[in-house]
Amino acid sequence: MRLEFWGAAQTVTGSMHVLRVNGSMILLDCGLFQGRRQESYERNLNFPFSPKALEGLILSHAHMDHSGNLPNLVKQGYTGPVFATNGTRDLCAAMLADSGKIHESDAQYVNKKRAQQNLPPIEPLYTLQDAVNCMNSFVASGYDRQFAVGPGIKAIFRDAGHILGSAGMEVEIQEGARTVRLGFSGDIGRKGMAILRDPQPVRDVDVLIMESTYGDRLHETPEQAMDKLRNLINQVVARRGKIVIPAFAVGRTQEIVYELHQLALKGGIPHIPIFVDSPLALGVTEVYRIHPECYDAETRQFLLENHEQDLFGFKNMQYVRSTEESKALNAMEGPMVIISASGMAEAGRVLHHLKNTITDPRNAVLIVGWQAPNTLGRKLMDREHRVKIFGEEYPLRAQVEVIHGYSAHADRGDLIDYARQVQQGGRLHKVFLVHGEPEPARALVPALKKLGLTVYYPANGEGFEV
Ligand SMILES: [Zn+2]
């Protein structure tokens, strides 16, 4: 059996790993590589193998850096099944369609520039129609149910507790007389997060492919995050300001809405208007609503005791649909909370809200996710004195708060704990660290070696016999 790493190798984007066994080629994840425009386009367009030669694909979760290149894979001739959990399948329906639209408008933008330089137009990486087409390849499975992937290959999903439907997987491979059990952690979530269950590590595997995003960092606890959120809202309400929260449409938005709902119910914050202004968030929230099988015991209990309550909607909360409604928020007086995408404030409706709020010291910007270098989100987080929005400079006078406690990723302690739990089965001996920049990944190595494990940190394109 051979493993090859073709994405999220020594970086955090473009998750894609190839498993070659018994003459078959199986793919684990098919993520979008996200980075500089030209490099990303080329890398996503050209697969390092023939999509027609693949026999199966197992998907860990719906985040774009894990599922986002699937429409392109199918467009280029992949005809096999895409195994995913029920939640991941439904999230992908909403998210890949949205991604298809983004690729269409990206290509339009690039082609306008190319036309000025007399260059021929490029095709979008994939279109909305390609995204719709690839949904026909999905074969959905519940958690903890074994399914056949190909000759001599079986797999099972375990709840990764990262976003709705997220999974780690155990792949059991029969190679002649030998049985190898391979684990892939996917992205590992955190204990005690709102809505979702705690991560369930994969079991009894010989070899583990494990994420390492935050291998060198400890997060705030969910309780600390909730305290900070409550304090900030009360401060801003007292000065009648607005709070703008740039948040990705998937996961973070639903989590913040849930937390605000709980705070309002317990009297921790006053009843102020809360607006969720992101069309994709609306679709994704509907998917969260129809998958109660992914909720944790606390959320189920809340629903049992509060039949009339809606988890993701309450009296003061409104989902904003049209652009007109979105713009109307600018003229409204605070206090209010606006949650809007994109999460790094690079695009989307959140830009209008930031433009209209950051110059007033009564207002606040709340950062709840990782911000890539050079993004507007990062500049706000670094409290730069002046920032550019739509090409114009604005002074940053609003308060800026950062809460790291809403990360959907395991921190250093959780990652080491995950490996320790997997190793308790006694079979695990090799770990391949993926989905991590060099610093955090390398910081994990000594702790994993102490557990008696051999640790690899594969480069892009590197292959290993296991
Ligand atoms: Zn993820």
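Q: Where does P335 lie?
A: P335 sits in the loop between α10 (323-331) and β15 (336-340). Keep in mind that this is a predicted model.

Q: Okay, and what kind of peptide bond runs from G334 to P335?
A: That one is cis, with omega near 0 degrees. Most peptide bonds are trans.

Q: Which residues does the cis peptide bond with omega of about 10 degrees join?
A: A341 and S342. You'll find S342 in the loop between β15 and α11 (350-357).

Q: Now phi. What is the phi of N22?
A: It is near 50 degrees, a positive value in a residue other than glycine. Most residues other than glycine have a negative phi. N22 belongs to the loop between β2 (17-21) and β3 (24-28).

Q: I also spotted β17 and β18. What do they form?
A: They make a hairpin, with 2 residues between the strands. In its turn, F390 has a positive phi of about 50 degrees.

Q: Do those strands run parallel or antiparallel, and how many bridges join them?
A: Antiparallel: 4 bridges join β17 (residues 386-389) to β18 (residues 392-395). To see one of the pairings, look at V387, whose bridge partner in β18 is Y394.

Q: Let's zoom out. How is the chain divided?
A: Into domain 1 (2-217 + 408-465) and domain 2 (222-406). Their C-alpha centres lie 28 Å apart.

Q: How many residues of each domain are in contact with the other?
A: 22 residues of domain 1 are in contact with 24 residues of domain 2.

Q: And how much area is buried between domain 1 and domain 2?
A: About 2000 Å², and carbon and sulfur atoms give 65% of that. On the domain 1 side, L164, I195 and R197 supply 33% of the area buried against domain 2, more than any other three residues.

Q: How many salt bridges does the rule find across that interface?
A: It finds 0 salt bridges there.

Q: What sort of residues are on the side of domain 1 that touches domain 2?
A: They divide into 12 nonpolar, 5 polar and 5 charged.

Q: Where are E123 and K75 in the chain?
A: E123 is in the loop between α4 (86-116) and α5 (128-134), while K75 is in helix α3 (residues 70-75). They are 48 residues apart, and the pair links distant parts of the chain.

How values were computed. Residues numbered from 1 in each chain as written. Predicted model: local features only at pLDDT ≥ 70, side-chain atom pairs only at ≥ 80, totals over all residues. Heavy atoms only, no water. Domains from an automatic or database assignment. Contact = heavy atoms within 4.5 Å. Buried area = accessible area lost by both parts, 1.4 Å probe. Salt bridge = Lys/Arg side-chain N within 4 Å of Asp/Glu carboxyl O. Nonpolar A, V, L, I, M, F, W, Y, C, P; charged D, E, K, R; others polar. Pairing = 2+ DSSP bridges.
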